Amino acid sequence: MVVSESQFQDEIIKYKKLYYASNRLHSYLDEEKILGEVIVTFQDIFSNYMFSLQHPQDLYQELNEDNPKIKAFISGEIYVEKIRTNQGCILYAPLKGKEVVNGVIQVTAPNTLEIPEYDIEIITLLTTTIASAIENAKLYSQSTQVISDLQLINETSQKLNSNLQLTETMEYMSNQIIQTFDAQEVGFFLFSRDRTKVRVLPGTTPFFLTKPSKTYVDLLEAKIHKENESIFIGDCNLQPINDIKKYRSIMAVPIIQDNSLRGFSVVMHQNPNFFSQEDFNLLQGLLFHSSLALMNSLLQEELEHMVKTDHLTKLHSRNYLDESIQYSMKDDNEGTFMLIDIDNFKEINDIFGHQVGDEVLIQVANLIKKNIRGNDVGARWGGEELAIYLPKVSMEEGLVIAERLVKTVEECTFPKITVSCGVSYWNKDSQDTYNYLFKRADDALYLAKGTGKNKVVAQKTA
């Protein structure tokens, strides 16, 4: 084939442009930037052709093996289609990388039934260059994401292993998950030892404390119990769910300790297919590396609970009560303390046995819990003696609570028992001490026991 001087010069110019285009495209590390330059690059080199880029997602929607465009996409080979109506032709050049075809360039050549071989060769080289640049950009993006994910996991693991309390641990985890995945809801759930109950852990978003969340929690709990594996739902469409927000995208990951299922975490968003497979993989890695710190925080909480809680009555321990009163006498303006003794407790043990005696103690302890506020302290003082401290409560209010408790114990226990109660009070205006507060309550209790029992006696401030 004889090539004219003008064709030869044209070919040289095109190869020069191809060279510069190749350098420019490979300098980009962003896939979108490369794709945005594709048509501009082709038009710069071939001013006499028309070009369009067919994206993979569009090609998947019209898979037809008889279509030359689809043939090019599937096979990775160039296909040419002649247009008889206007004496032209169309060439389909795949952007073929090492593993996938990243799209197809449609080259329309009007007024000719054949594209010159050297143009096809340059088009082939250019599509190969573009595909290579796209793959390099993808690899860079993936490596950057991997580094970012590893940094997140490392940072989170270090933070969680710094002896945080359970609440601090879970709230930190929750914030990390919300920021990383742009999640709308995050939940942490712990199974009881026999797996019959589920405890909602701190850090859980408020939605999971509402009744409508039960639909999601029950579904995920059942699946995790059955499959013991992570769950990824791109488009959840639970029916019927009335008058509540519907969460379509869900990720759930089991919490494992010593190869045993201890609980699970849930991440949700209202939009369908909101989370990617990469998000799912990262969440699993994040929770896997954080599970040890979480279990350590749970163990620490259990140990602290044991130290500050009486084993039998589940009231606070004497040490915890002492610390609470001392803190209150530093920070508050007043407080009321009461000592409670079960009347004739030795006779109960002698007549019914020590097991019934223990049950009586538990009954009284439960009545104490029901008759005080969340920030009040109910404690086992020792033996059959119990105690209550009411921070920021006046003597008058404290006496009302004590009288009510004495009456409730007489009415609600079986076998029927009574209690005696000694009450003392302090405020900032009096020269009072921690030990003297106890002594006055003990003196008042002694007086109550000695003057008929089943009553309340008060000793005022120093």
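1. Helix H10 (residues 345–352) packs against helix H11 (residues 354–370) at an angle of about 135°, and their axes lie 7 Å apart. Angles over 145 degrees would count as roughly antiparallel and 65 to 115 as roughly perpendicular, so H10 and H11 are oblique to each other. Please keep in mind as you look around that this is a predicted model.

2. Which residues make this helix pair meet? From H10 come Phe 345, Ile 348, Asn 349 and Phe 352, and they meet His 354, Val 356, Gly 357, Val 360 and Leu 361 of H11. The contact is made up of six nonpolar and three polar residues, with no charged ones.

3. Now a closer look at H10 by itself. Its buried residues are Phe 345, Ile 348 and Asn 349. These cover an arc of only 95° around the axis, which means that they sit on the same side of H10. Lys 346, Asp 350 and Ile 351, on the other side of H10, are exposed.

4. What covers the buried residues of H10? The cover includes strand E10 and helix H11.

5. Just after the helix, Gly 353 takes a positive phi of about 100°.

6. Next comes the sheet. It is open, has five strands in the order E11-E12-E10-E13-E14, and its pairing is mixed. At the edges are strand E11 (377–382) and strand E14 (456–459), each of which pairs on one side only. On average, neighbouring strands of this sheet are turned by 20° against each other, direction ignored.

7. Strand E10 (residues 334–342) and strand E12 (residues 385–391) run antiparallel and are joined by seven bridges. Where in E12 is the bridge partner of Gly 335? That partner is Pro 391.

8. H11 lies across E10, E11 and E12, and runs at about 10° to E12. Helix H13 (residues 434–450) lies across E10, E11, E12, strand E13 (419–427) and E14. The direction of H13 is at about 150° to E13.

Technical notes:
Residues are numbered from 1 along each chain as its sequence is written. This is a predicted model: local features need pLDDT of at least 70, side-chain atom pairs count only at pLDDT 80 or more; totals for chains, interfaces and linings use all residues. Side-chain values use heavy atoms; hydrogens and water are left out. Axes are lines fitted to C-alpha atoms, for helices over the stretch in contact, and angles run from 0 to 180 degrees between N-to-C directions. Helices (H or I, at least four residues) and strands (E, at least two) are DSSP runs, numbered from the N terminus. Angles under 35 degrees count as roughly parallel, over 145 as roughly antiparallel, 65 to 115 as roughly perpendicular and the rest as oblique. Contact means heavy atoms within 4.5 Å. Ala, Val, Leu, Ile, Met, Phe, Trp, Tyr, Cys and Pro count as nonpolar, Asp, Glu, Lys and Arg as charged, and the others, Gly among them, as polar. Two strands pair if DSSP finds at least two bridges between them. Buried means under 20% relative accessible area, exposed over 50%, partly exposed in between (1.4 Å probe, protein chains only). The arc is that of the directions from the helix axis to the C-beta atoms.
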